[in-house]
Amino acid sequence: MKKLKQLMLAGSVAFSAAGVVAEENVLNVYNWSDYIAENTLANFEKETGIKVTYDVFDSNDVLEAKLLSGKTGYDLVVPSATFMARQIEAGVFQKLDMSKLSNHKELDAAMMKKLSALDPDNAYSIPYLWGTTGIGINVAKVKERLGDDFPVDTWDLIFKPEVVSKLADCGVSMLDAWDEIVPSVLNYLGEDPSSTDKNLLSGKVTDVLKSIRPHVRYFHSSQYINDLANGDVCLSVGWSGDILQAVDRAAEAENGVEVAYIIPKEGAGLWFDMLAIPKDASHPNNAHTFLNYLMRPDVIADITNYVWYPNAVPASTSKIDEEITSDPSIYPTPEVAANLFTFPVYGPKFDRQGARMWTAVKSNK
Amino acid sequence: MTNPVRPAQFLKSFGRGLVSGIPYFWLLLFFVIPFVIVLKISFAESQIAQPPFTDLTSFADDMLTISLNLFNYIDLYEYDLYLDGYISSVKIAGISTILCLLIGYPIAYAIAKLPPHARNLALMLVILPSWTSFLIRIYAWIGLLKNNGLINNALLGLGLIDEPLVMLHTPIAVYIGIVYAYLPFMILPIYTNLVKHDHTLLEAASDLGATPAAAFFKVTLPLSVSGIVAGSMLVFIPSVGEFVIPELLGGPDTLMIGKLLWSEFFNARNWPGASAVAVVMLIMLIIPITIFQRYQAKDLEAIADD
């Protein structure tokens with residue numbers, strides 16, 4: 001009995017000793033699926049002794065619902081810039097402590113200026129990776145159905161019923177993200193991609209989407225990586241790096257599938273994923289340490305090499321495989337870049353209309 | 001002499017109160033309180049904030065103002081997809097319930113006819129799959145049903161089909177998923193009912209010239225109605241609001257209210273609207289729940305009468 005008491009006493013002493021330390025050596029990160037290099041976390045843990053718990057999501061909507069309910073338990077999250085703008089307005093993030101971010105100077109100044117439209121003074125966020133929303137195709141299957149001479153660098157592939165109907169049998173998929181599909185359709189129709197005209201939305205845009213709906217097998221934002229690589233679908237509207245990962249996986253599997261990523265000539269949407277710290281994070285210091293680590297050229301270069309998304313640290317470019325940096329579908333050439341447009345930030349009303357239009361289109365009603 | 005009895009009596013009635021109080025406490029904690037919260041949100045308005053809806057009450061200039069926003073309920077009528085969603089959910093749940101009954105009743109009947117020691121083993125086999133996580137079992141069906149999946153590969157290998165059957169992301173996959181997941185909830189109540197039946201009734205029927213089939217339809221089936229109702233309700237009620245199965249196995253055109261609720265909550269970021277959908281769904285489910293309660297009460301009375 002006496003021993004037990006001693007043991008308990010020792011235990012409670014140890015417990016209170018741990019309490020004195022300001023922050024436990026833990027960091028909870030919530031990031032997109034397939035969105036980090038294999039060695040990033042292990043090296044960080046080795047260098048700092050901070051243990052990282054790493055969870056993943058595949059839609060901005062899920063992240064936003066968690067952030068808006070509060071107490072997510074996460075210390076670092078990765079919303080896309082347009083979503084982040086609204087979340088900053090809702091007051092869910094804390095301002096970054098620049099004194100803890102010595103590598104902040106590594107960030108691309110021009111990009112930071114562009115992003116300050118969404119995050120004034122770049123006070124709450126730093127860019128992680130960016131990319132475009134384009135089309136992934138199974139080269140052989142698409143050629144077989146459309147003919148060798150069909151130009152594949154166009155949104156006609158998906159938004160023209162006569163074309164997409166020929167691909168329906170080998171599988172067509174689309175991102176389940178209306179806020180990226182609607183601007184892409186608007187752009188395809190020659191309208192302003194950031195238009196919030198509700199007549200356009202319920203008219204022309206809905207017409208296009210309904211006309212192609214019967215030929216789309218599913219709407220999902222992560223499943224298409226595997227399906228493209230395995231040949232289960234032959235056309236996906238998806239995110240650049242994800243489709244390029246499918247290209248890579250198919251090549252590695254040597255299963256006879258050749259996947260290609262296309263930025264259509266009509267132009268494509270450009271997006272940025274941002275790193276931000278929730279206001280109620282319990283380990284903000286560790287989060288800053290991790291942010292600073294992610295801005296190191298060697299670290300972020302490894303990530304780009306692995307996930308095929310470009311980053312915002314110019315000094316990392318020399319450390320990235322030439323195969324990636326010379327690919328205009330990843331690092332767009334100035335001519336391609338001129339055709340890219342950024343996604344708009346929507347207000348609550350348009351948001352609701354868009355989401356409902358999307359549900360109606362998806363359910364084919 | 002009467003004095004020492006009183007505390008004991010008090011304890012007895014206190015204990016009784018405690019025991020009968022637990023279900024009420026359960027109901028209060030896990031049903032009434034969450035429901036009131038959802039009801040409250042359904043009368044709010046969305047806004048860009050954390051949480052993303054307005055407060056119902058405001059206190060200013062010594063005035064307590066309660067503002068109820070009925071827009072979300074009016075909106076339900078005006079947005080016709082919801083009606084489609086409700087109808088389709090009830091249809092899918094109804095058909096699944098019938099399928100479960102058609103498959104579950106013979107299984108329950110067969111188990112009830114087994115010798116007692118074999119019954120437990122058979123029941124165990126019915127329950128055993130649910131030791132694995134529900135989500136994993138539904139994911140397993142993806143592997144079975146997909147174009148490149150086990151079933152298609154087996155059929156292709158046997159030369160029975162030339163092209164893979166498209167099963168995943170179709171309504172058929174949703175029915176398979178729901179029937180598979182909820183079948184034990186149909187079998188168990190029916191079995192519990194059947195196993196209590198008095199054998200002599202069937203002997204009497206046969207003595208009076210009834211064929212086994214006639215005896216089944218005139219004696220066994222009517223006696224097992226309460227089991228059928230209980231099983232059907234246990235399948236129907238959760239299937240109506242099912243989200244995981246249509247999301248994972250169904251196609252985008254499998255419209256169910258659970259999925260609409262999700263999209264209103266997550267995609268449209270309209271928490272008050274989603275809460276209104278949930279409230280209406282609950283009210284619609286109260287009808288079958290009441291039927292279920294009534295049959296259960298009857299059943300209990302019957303047991304008490306025995």
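**Cavities, domains and chains**

Modeller: Let's begin with the second largest cavity, whose volume is about 80 Å³. On a 1 Å grid over the protein atoms alone, a cavity is a set of points where a 1.4 Å probe fits but cannot get out, and lining residues have an atom within 4 Å of a point. Grid points are joined across faces, edges and corners, and the volume is the space filled by probe spheres set on the points. Bear in mind that this is a predicted model, where local features need pLDDT of at least 70 and side-chain atom pairs count only at pLDDT 80 or more, while totals for chains, interfaces and linings use all residues. Residues are numbered from 1 along each chain as its sequence is written, chains are lettered from A and ligands numbered from 1 in the order in which they are written, and side-chain values use heavy atoms, with hydrogens and water left out.

Colleague: Which domains give residues to the lining of the second largest cavity, and where does it lie?

Modeller: The lining includes Trp32(A), Asp58(A), Asp176(A) and Trp239(A). Chain A is split into domain 1 (20-130 + 271-331) and domain 2 (132-270 + 341-362), with bounds from an automatic or database domain assignment. Both domains of chain A contribute to this lining, so the cavity lies between domain 1 and domain 2.

Colleague: What is the volume of the largest cavity?

Modeller: Among the 16 residues lining the largest cavity, Trp32(A), Trp239(A), Asp242(A), Asp273(A) and Tyr309(A) lie nearest its centre. Domain 1 and domain 2 of chain A both supply lining residues, so the largest cavity lies between them too. Its volume is about 140 Å³.

Colleague: How much area is buried between domain 1 and domain 2 of chain A?

Modeller: Here 20 residues of domain 1 are in contact with 26 residues of domain 2 in chain A, contact being heavy atoms within 4.5 Å. Buried area is the accessible area (1.4 Å probe) that two parts lose on being put together, summed over both. Carbon and sulfur atoms give 56% of the area buried between the two domains, and the total is about 1,800 Å².

Colleague: Which residues of domain 1 of chain A lose the most area to domain 2?

Modeller: Three residues together make up 34% of what the domain 1 side buries. They are Trp271(A), Trp308(A) and Ser329(A).

Colleague: How many salt bridges does the rule find across the interface of chain A and chain B?

Modeller: The rule wants a side-chain nitrogen of Lys or Arg within 4 Å of a carboxyl oxygen of Asp or Glu. Arg356(A) and Asp75(B) pair up this way, at 2.7 Å from N to O. Arg356(A) is also listed with Leu68(A) and Arg352(A) as losing the most area in chain A to chain B. Across that interface, the count of salt bridges is 5.

Colleague: Which element gives the most to the lining of the second largest pocket?

Modeller: A pocket is an open set of points with protein on both sides within 12 Å along at least five of seven lines, and this one has a volume of about 850 Å³. Of its 39 lining residues, the closest to the centre are Lys349(A), Arg352(A), Gln353(A), Arg356(A) and Asp75(B). Helices are DSSP runs (H or I, at least four residues), numbered from the N terminus. The biggest giver, with 8 residues, is H17(A).

Note on methods
Helix = DSSP H or I, 4+ residues; strand = E, 2+ residues; numbered from the N terminus.
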